[in-house]
Amino acid sequence: MDTATVARFEASRDRLASLAYRLLGSAADAEDTVQDAFLRWQAADQQYLDAPEAWLTRIVTNLALDRLRSAQARRESAVGAWMPEPLLHGDPMLGPADTVEQRESVTLAVLMLMERLSPVERAVYVLREAFSYRHAEIAEILGITESASQQHAHRARHRITAAGKGTDTDEAAARRIVEAFADAAASGRTEPLIALLTDDATGTSDGSGVVLAATLIRYSSPEQIARAVRAGFKPSPAKRRLAGGSPSIHAAVVNNCPAMLATLDGRVLGVTILEIRDHKIAGVRGIATPHRLGRLTERWQRQEHAAPLIAAW
C-alpha cells in the first residue's frame, strides 16, 4: 500500500475512532475496530472507492454493530457490570463538540442510556446527532430505508431526552463544581452533599477500587449517594495502603462533565464524574477499575495540570 493511501486513512482515523467509541463506549474496543477497518482498507481495491470517507464510515459502523451484537457484549450487559470508558477533555476520541447535542452525546449519562437502545437505534442516533449525517446517508450506511432511519432516530431521541438535558461545563466551571463537591465530601457530614444534589439524583460505582464489584453498585437517592461519598472520601491507613500512598485530588473535565480525579505518581486511580442539571448534581459516576482508566491515565500524563484541590489525601 502506498503512502498516499495510508495517509488518506490516517486523516480519518480520529473521526472513525470517535464514531466507534460513541457506539461502543470503550476506547480499547474503538481502537480495535478502527484497526480492523484499516485492514479492510488495505485489502480494498482503491480505484473502485468513489467516496472513501463514506466507505470507511460504513465499515467502522458495521464492525462496531457486530461487536455490539456479539454474545460477549450481551453477557457483559446482562450481568450489569458495564460502564463506559471515561475520556479526558482534549482527547480526540471524544470527537465533534461544536453543538450542544454533540457534546451531550458523549457524556457518560448518554452513553449509558444508549445501552438501552437496539444496535441499529444506537447507530442512527450517533450518526445523526453526533456526526450530522442525513437520513438518506444513514440509510445507505446501515442498509435500511430512509423512513426506518427516521423512525429509529425518533425512538432513540425520545428515550434519551426523556432523561433530561445536562448543562455544558467549561474547565473553570468544572473546577468550581468539583471544589464544592470535595469540600462537602471532606466535611464528614451528609447534609452539605445532599444540598448539592438534585432531588432525583442517582449514583453508580464500579466498586471505587475498594470493592471489586461483580455488578455495578447503584444509589437511588441523594441520601444514599451522600452516605457513600462521605464514607468513600474519608481517608484511612487501609485505603492509603490499597492506593499505594496518599493520592492527590484534582478537578478535571471528563466526557464533557466536571470530574474529580485521584492520582498518584502520574496514575489515575479513580475518577468521580458529576452530571450537572439546573446548577445541581444529578448524577455521580465513580470509576476505579484499572482497565477502564488506561487511556485516561495516558492522556493525563501528557497534559499540564492546575494545582490539586488536595495535595495529599
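Visitor: Which backbone nitrogen does the side chain of Asp206 reach?

Guide: The backbone nitrogen of Ala288, at 3.0 Å. Keep in mind that this is a predicted model, where local features need pLDDT of at least 70 and side-chain atom pairs count only at pLDDT 80 or more, while totals for chains, interfaces and linings use all residues. Residues are numbered from 1 along each chain as its sequence is written, and side-chain values use heavy atoms, with hydrogens and water left out.

Visitor: Ok. Where is Asp206, and is it buried or exposed?

Guide: Asp206 sits in the loop between E1 and E2. Its relative accessibility is 4%, so Asp206 counts as buried. Buried here means under 20% relative accessible area, exposed means over 50%, and partly exposed is in between (1.4 Å probe, protein chains only). Helices (H or I, at least four residues) and strands (E, at least two) are DSSP runs, numbered from the N terminus.

Visitor: Which side chain does Asp206 meet in a salt bridge?

Guide: That of Arg292, at 3.0 Å from N to O. The two are 86 residues apart: Asp206 is in the loop between strand E1 (197–205) and strand E2 (217–219), and Arg292 is in the loop between strand E6 (280–287) and helix H14 (294–302). Arg292 counts as buried because its relative accessibility is 9%. A salt bridge is a side-chain nitrogen of Lys or Arg within 4 Å of a carboxyl oxygen of Asp or Glu.

Visitor: And what joins those side chains as a polar contact?

Guide: A contact of 3.0 Å between Asp206 and Arg292. The rule for a polar contact is a pair of N or O atoms within 3.5 Å; within protein, one must be able to donate a hydrogen and the other to accept it, and residues adjacent in sequence count only if both atoms are side-chain atoms.

Visitor: How many salt bridges does the structure hold?

Guide: The structure holds 15. One of them pairs Arg67 with Asp36 at 3.9 Å, N to O. That pair spans 31 residues, from Arg67 in helix H3 (residues 52–69) to Asp36 in helix H2. Arg67 has 28% relative accessibility, so it counts as partly exposed; Asp36 is partly exposed too, at 31%.

Visitor: Which residues are in a network there?

Guide: Asp29, Asp36 and Arg67 are linked by salt bridges into a network.

Visitor: What about Arg122, which partner does it meet?

Guide: Glu115, with N and O 2.6 Å apart in a salt bridge. Arg122 is buried at a relative accessible area of 2%, whereas Glu115 is partly exposed at 26%.

Visitor: Switching topic: what domains does the assignment give?

Guide: Domain 1 (3–163) and domain 2 (171–302); such bounds come from an automatic or database domain assignment. Their C-alpha centres lie 28 Å apart. The contact (heavy atoms within 4.5 Å) takes 27 residues from domain 1 and 29 residues from domain 2.

Visitor: How much area do domain 1 and domain 2 bury between them?

Guide: About 2,100 Å², with 58% of it on carbon and sulfur atoms. Buried area is the accessible area (1.4 Å probe) that two parts lose on being put together, summed over both. Met83, Pro86 and Leu88 supply 32% of what domain 1 buries against domain 2, more than any other three residues.

Visitor: How many salt bridges and polar contacts cross the interface?

Guide: The rule finds two salt bridges across the interface of domain 1 and domain 2. For polar contact, there are eight residue pairs, both residues at pLDDT 80 or more. H6 gives the largest share of the side of domain 1 that touches domain 2, four residues. By class, that side has 19 nonpolar, four polar and four charged residues. The classes go like this: Ala, Val, Leu, Ile, Met, Phe, Trp, Tyr, Cys and Pro are nonpolar, Asp, Glu, Lys and Arg are charged, and the others, Gly among them, are polar.

Visitor: Which residue does Arg295 bridge to?

Guide: Asp91, with the closest N and O atoms 2.7 Å apart. Arg295 is also one of the buried residues of H14, along with Leu296, Thr297, Arg299 and Trp300. The buried residues of H14 pack against H2, strand E3 (248–254), strand E4 (257–264) and strand E5 (267–277).

Visitor: Last one: where is His250, and what is it in contact with?

Guide: His250 is in strand E3 and is buried, with a relative accessible area of 9%. Leaving aside neighbours within four places in sequence, the contacts of His250 include Val178, Met260, Trp300 and His305.
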